[in-house]
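The following exercises concern a two-chain structure, each with a worked solution. Please consult the sequence and the structure while working through the steps.

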Amino acid sequence: MSELERGNPSTPSRARAQHPVGRTVRTLLRSRTACVGLGLVVLHLAVAALAPLLTSASPTANAPDEALLGPSGEHWLGTDALGRDVLTRVVYGGQYALTVSFAATTCAVALGTVLGCATALKGGRLDGALMRVLDAVLAIPPILALLVVVTVLGAGPAVIVLAVTLVYTPQVVRVVRAAALGVVPLDYVTAARARGERTLPILLREVLPNIVHVVAVEFAMRASWVVLLISSLSFLGFGADPPTPDWGLMISENRTAMVVLPWATLAPIIALATLVVGLNLSADGLSRLWNVDRTEEAS
Amino acid sequence: MNTESNDNTGSTDPLVRVENLSVAYTSEGHDVPVVRGVSFEVETGRTLAVVGESGSGKSTVAATLLAHLRHGSRITSGRVELAGQDLFGLDRAGVRRLRAHDVALVGQNAGHSLTPSMRVGAQIEESLLPQRLPRRERRAQVLTLAEKVGLPDPERLLRRHPHQLSGGQQQRVAIAMALAARPRVLVLDEPTTALDVVTQARILDLVAGLSRELGLTSILVSHDLGVVSRMADEVLVMRDGAVVEQGRAQQVLTAPEHPYTRLLLASVPRLEDRGLAEVDQDGTRTVRPRTPVPEDAPDAVSLRDVTVDHGSTRAVDGVTLRLRRGEVLALVGESGSGKSTLAWSLAGLHAPSGGHMLLHGGTEGDLAATARRRPLDVRRRVQLVFQNADTSLNPRRIVREAVRRPLRFFGGRSRRDADRDARTLLSDVALDPDLSGRLPGQLSGGQRQRVGIARALAGDPQVVVADEVTTALDVSVQASVLALLERLREERDLAFVFISHDLAVVRGIADRVAVLRHGRVVEEGPVEAVFSGPNHPYTRSLIDAVLDPSDPSDTGGHGPARSQRPPDPPSDTGDDPVWHDLGGGHRIRRWETGPETARDT
């Protein structure tokens, strides 16, 4: 491929290369893994966003006389102990998990990207010091750190976003820094330095555009971890507050009746699993398409 | 070693035969031909050189001799035979046998082809494994091989890791690995392109000597006609995947028939040129004599006792030089001589640890500070052009943005003004302004280098530091980039610091030359005086290492032989404080004439 491009530089297919967005979409369509993964994620987002249109029932209103019903024409997946429709709650249940997870992931990835690029660009003692501090944070198990933060500051979406950001930023920093270190010694960054540009413009103009694929993969990867973590928190009773429809909470509430009403537990589990699998497949497909080395991210 | 099989095939049959070979790869459903109908034969013990510019398909042809095709490529017609055997009819085991016993490859960059985490001795030993020798014999064999390829102190060196060796030593290890298989055919894919001239000369000597001694048949792939003339018995010139000319080296290189070969040959800078050669499409070359820099030209930059340190090692040690307006000062030396470090210091990327570095002329200022500490107006007056056009442009930014950024950064222009000026600059560097919407990946190497030059000009500099700007380019492109630099120098009265290890290029473009060794200047003077001598022995060795393609060493059969080997550079460190002044600004550092010769490749 490269041989031809070098030999025939005057006739590259212009239309194909002129639109980066179009090219990205075309690349994505080539990978079945990425398509399936992104499809699942988009499906979940759509269901969560359009929940009020998909079902007319209320996800929170109690109906004691309809409690613990099995699947029927009226309640496809039955009802739970308080008589709420399981399907309605599953459809609404994505809202909390998705909103909090995506907010938390965005914060962690954004902060991690800025820190990772900056430390790679600055290098030297600052780099060493920051990385050691982050190593120390990395040594704390995420769920433990989260429980401590939530216990001290009280549960609430903002607190959880903050806690997840703190817990996951170091890992993002490591990955982004490794990618940025590959770009920093290149001549176009050197040229910007020779112009005497400040760190932030160099970071935004020269480094970030060339590692954006790493950041995208990292986002998908990290999001799947965060979704699981936040659902675990809800399951443990530190996340969403009870009437809120949330998958983790639903699993926790209904698991006592699992033998009688398997669907009340299984449905949120399936919803959660498909979302996590979708995110993982997206990360996998994207990293393979863009040749991102994922070995760093095993941590 | 393989005499039996040679006898079987008969002495008249060529060892390697490629018949009407065509290779194509599939890109988005279309077949794109890479090699079109190439045929050649190589007899046992001969060296065939495949010559061409990048993208000519020469490496693809060479790789087919190892039964290798790049991923996605396939053979659309023809066959490749080694001793009568079709290489692409082999099964997996056959291919493995072929690569283990019959054909060996020496690649371009040994630094990349050696495993970084393995000691080099173990790596050579690994390629001996197919011979199933007992361990002790294998070890002995490794040592013999290391001695054969001229690795100094092999016992100790074999225990090192690749990064602890110099580029020349790495290439020697790669050659030892290739020879370990006792191959019949050696494929040399640009074996010396990544090395500097002096090391290149030694490696070529080594390969020539070895193939004569072992009776190897070699296929040499190179874009460097000097190397080809040094090594080849026969030459095959390729362009866009097809053969344009083939024949005996002597004939092709001295009396080329095809205009393309003539063009290629004419584009190679020669030591005897007294200026830049202009080459027409039909291959006639006219040397344009240099307009001398007026005696009273004011200084542009002056350096006094400049030292630059990398940690505890001193990369540049007490350099005193001056550069006048409209002048091209060439810094020459081997890799590691400190020439690039000095250039980067000038450009403000690495602060010198001592001495004075001053900018004169329209804007005056102290250059002994890093770029960010320099006032904006001083910073813009010294600009850098990089060696590697592939990495000097941000792959995600279109050409216009690359040139516009410094215009806006230094000139504070509005976006529209900067866009207009960027177009002007692009046409100044002889680039179609319509290319300004392209990404660097869509440009050729020469076009990218022009964008790099336009970006440097955007700061409106007084001094341009050009760091090996033509090294990575094909000869014909190199000639046009050099001509561009020359034109810009005249039009804009620019002063250039031109860094190169190729003295033939320096001869054409420079007004004055400073030879660096171990961070010190050992000789300095006007280009005429330096090239007519007398010289410091180190300068001499650099000049002698230049390979001239019109001087083929076809000795009619068993490989090339050249009587005058480039002398080894003197071993002294060049710290003698006494200078011989030869007048006219030509001065040479005094040297010790020791009997010992340095073998530090």
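A crossing of two helices is called left-handed if the near helix is turned anticlockwise from the far one by less than a right angle, and right-handed if it is turned clockwise. The model is a predicted one.

**Exercise 1. Describe how α15(B) and α16(B) pack, and state whether their crossing is left-handed or right-handed.**

Step 1. The two elements are helix α15, residues 399–411 of chain B, and helix α16, residues 415–428 of chain B; their axes lie 9 Å apart and form an angle of about 115°.

Step 2. By the definition above, the crossing of α15(B) and α16(B) is right-handed.

Step 3. On the side of α15(B), the contact is made by B:Arg400, B:Val403, B:Arg404, B:Leu407 and B:Arg408. From α16(B) come B:Ala418, B:Asp419, B:Asp421, B:Ala422, B:Leu425 and B:Leu426.

Step 4. Sorted by class, this contact has six nonpolar and five charged residues, and no polar ones.

**Exercise 2. Determine the strand order of the open sheet in chain B, and explain why one side of β14 and of β17 is left without a neighbour.**

Step 1. The sheet has four strands in the order β14-β13-β16-β17, with antiparallel pairing.

Step 2. β14 (313–324) and β17 (365–366) of chain B stand at the edges; each has a single partner strand, so one side of each lacks a neighbour in the sheet.

Step 3. Strand β13 of chain B, residues 299–310, is joined to β14(B) by eight bridges, and the two run antiparallel. B:Val308 stands opposite B:Val316 of β14(B).

Step 4. Helix α13 of chain B, residues 339–346, packs on the sheet and touches β13, β14 and β16 (354–359) of chain B. The direction of α13 makes about 65° with that of β14(B).

**Exercise 3. Is B:Ala174 buried or exposed? Give its surroundings.**

Step 1. B:Ala174 belongs to helix α8 of chain B, residues 167–180.

Step 2. The cut-off for a buried residue is 20 or more other C-beta atoms within 10 Å of its own. B:Ala174 has 27 such atoms within 10 Å and is therefore buried.

Step 3. Leaving aside residues up to four places away in sequence, B:Ala174 touches B:Val106, B:Gly107, B:Ala110, B:Ser113 and B:Leu114.

Step 4. B:Ser337 is 163 residues from B:Ala174 in sequence, and their C-alpha atoms are 24 Å apart.

**Exercise 4. Summarise the fold of chain A and the side of chain A that touches chain B.**

Step 1. Chain A has 13 helices and zero strands. Of its 299 residues, 42% count as buried.

Step 2. Among contacts in chain A between residues at least 6 apart in sequence, 71% join residues at least 24 apart.

Step 3. The UniProt record (unreviewed entry) lists "domain: ABC transmembrane type-1" at residues 94–278 of chain A. This span is 83% helix and 0% strand, and its end C-alpha atoms lie 14 Å apart.

Step 4. At the interface, 21 residues of chain A are in contact with 35 residues of chain B. α1 (2–7), α10 (187–194) and α11 (199–236) of chain A each supply at least two residues of the chain A side, and α10(A) gives the most, with six.

Step 5. By class, that side of chain A has 10 nonpolar, four polar and seven charged residues.

Notes
Residues are numbered from 1 along each chain as its sequence is written. Chains are lettered from A and ligands numbered from 1 in the order in which they are written. This is a predicted model: local features need pLDDT of at least 70, side-chain atom pairs count only at pLDDT 80 or more; totals for chains, interfaces and linings use all residues. A residue is buried if 20 or more other C-beta atoms lie within 10 Å of its own, exposed if 12 or fewer, and partly exposed in between; C-beta atoms are placed from the backbone. Two residues are in contact if their C-beta atoms, placed from the backbone, lie within 7 Å. UniProt positions are given in the numbering used here, feature names are shortened, and annotations may be inferred rather than shown by experiment. Ala, Val, Leu, Ile, Met, Phe, Trp, Tyr, Cys and Pro count as nonpolar, Asp, Glu, Lys and Arg as charged, and the others, Gly among them, as polar. Axes are lines fitted to C-alpha atoms, for helices over the stretch in contact, and angles run from 0 to 180 degrees between N-to-C directions. Two strands pair if DSSP finds at least two bridges between them.
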